[in-house]
Amino acid sequence: MNADQVVHLNGELLPLADAKISVLDRGFIYGDGVYEVVPVYGRKPFRLREHLARLQRSLDGIRLANPHGADEWARLIDALVARQPCDDQAVYLQVTRGVAKRDHAFPAGVTPTVFMMSNPLVLPTREQVERGVAVVTAEDNRWHRCDLKTTSLLGNVLMRQLAADQGAAETVMFRDGFLTEASASNVLVVRGGRVLAPPKDHLILPGITYDATQEFAERAGVPFEIRPVSRDEALTADEMWLSSSTKEVLAVTTLDGRPFAGGVPGPVFRRVHAEFQAVKRSLQAA
Ligand code: PDD
């Protein structure tokens, strides 16, 4: 932790060590808030409009008014990004329902708390990209509004730890026999040269990288089909990928301790990954 890192709290830029909030903040007491993680390439936020639209959707989902318009968010994010040493960053932003006497029901007339920080973007290593990563599997036991990006992440935290305990990168989840997502990423599979992606319903987060992956796949001439994916189809797929803002797209090559999909990233992954890197390089160079 770097105490001098400049962060944003309620409209102010200040050192991390000075950014303080009340213990009665509903984010702390109830996990009553929403968040976004926006990757920044060459100091330019990637798909910012899409992230801000999803933020609005999450805020609507928890019935909290957006404290800023999209242009204002963009300005605040640019100001934060400008104060960091690295060109490639990951902006974390969260909005909570604010500080109030503890009572589950919404407080009246309370100002939301806005916190943002931007850290160096830590992408998968070259080895992880070239060799793929390990995942474990589990039954999805989270709530039924996984489409909202809320800070109440205990279900996801426990799932991620299940993977960490076994030295794996992620926990891939299934609900009632169908693939949902992983603890902090979406999951896509490839069968017969087609990408199969679970529908963006209430059981998964509508990933911005999922959408980018769809675009890159289609641009690379790879069919992309959105439909429920059964556990059997996932476990016998030709390829399995993770997608997220901080993982980009990553191949799964070990599943529950056994080699998966031949134990190497597949040909469809390599095409889509190459497309992703080309787009990223053009952003970094712009
Ligand atoms: N997580 N599903 C879940 C449960 C996630 O937490 C995330 C992202 C995704 C992928 O969404 P996107 O492509 O928009 O990043 C899917 C972020 C990175 C996090 O919590 O750190």
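Which side chain has an N or O atom 2.7 Å from a nitrogen atom of the ligand? The side chain is that of Glu181.

This is a predicted model, in which local features need pLDDT of at least 70, side-chain atom pairs count only at pLDDT 80 or more, and totals for chains, interfaces and linings use all residues. Residues are numbered from 1 along each chain as its sequence is written, and side-chain values use heavy atoms, without hydrogens and water.

| Side chain | Ligand atom | Distance |
|---|---|---|
| Glu181 | nitrogen | 2.7 Å |
| Thr209 | oxygen | 2.5 Å |
| Lys149 | nitrogen | 3.3 Å |

Taken alone, the ligand exposes 470 Å², and the protein buries 89% of that. These areas come from the Shrake-Rupley method with a 1.4 Å probe.

The shell around the ligand has 18 residues, each with a heavy atom within 4 Å of the ligand. Tyr35, Arg54, Glu181, Thr209 and Ser245 come nearest. By class, six are nonpolar, nine polar and three charged; Gly counts as polar, and Asp, Glu, Lys and Arg as charged. Elements that each supply at least two shell residues include β9 (178-182) and α6 (208-219).

Helix α6 also holds Phe216, while Phe276 lies in helix α8 (residues 267-285), so their pair ties together parts 60 residues apart in sequence. The two rings sit 5.0 Å centre to centre, edge-to-face, with 65° between the planes. Aromatic rings pair if their centres lie within 6.5 Å; planes over 60 degrees apart count as edge-to-face, under 30 as stacked and the rest as tilted.

Notes:
A polar contact is a pair of N or O atoms within 3.5 Å; within protein, one must be able to donate a hydrogen and the other to accept it, and residues adjacent in sequence count only if both atoms are side-chain atoms. Helices (H or I, at least four residues) and strands (E, at least two) are DSSP runs, numbered from the N terminus. Rings of Phe, Tyr and Trp (its six-membered ring) pair if their centres lie within 6.5 Å; planes under 30 degrees apart count as stacked, over 60 as edge-to-face and the rest as tilted.
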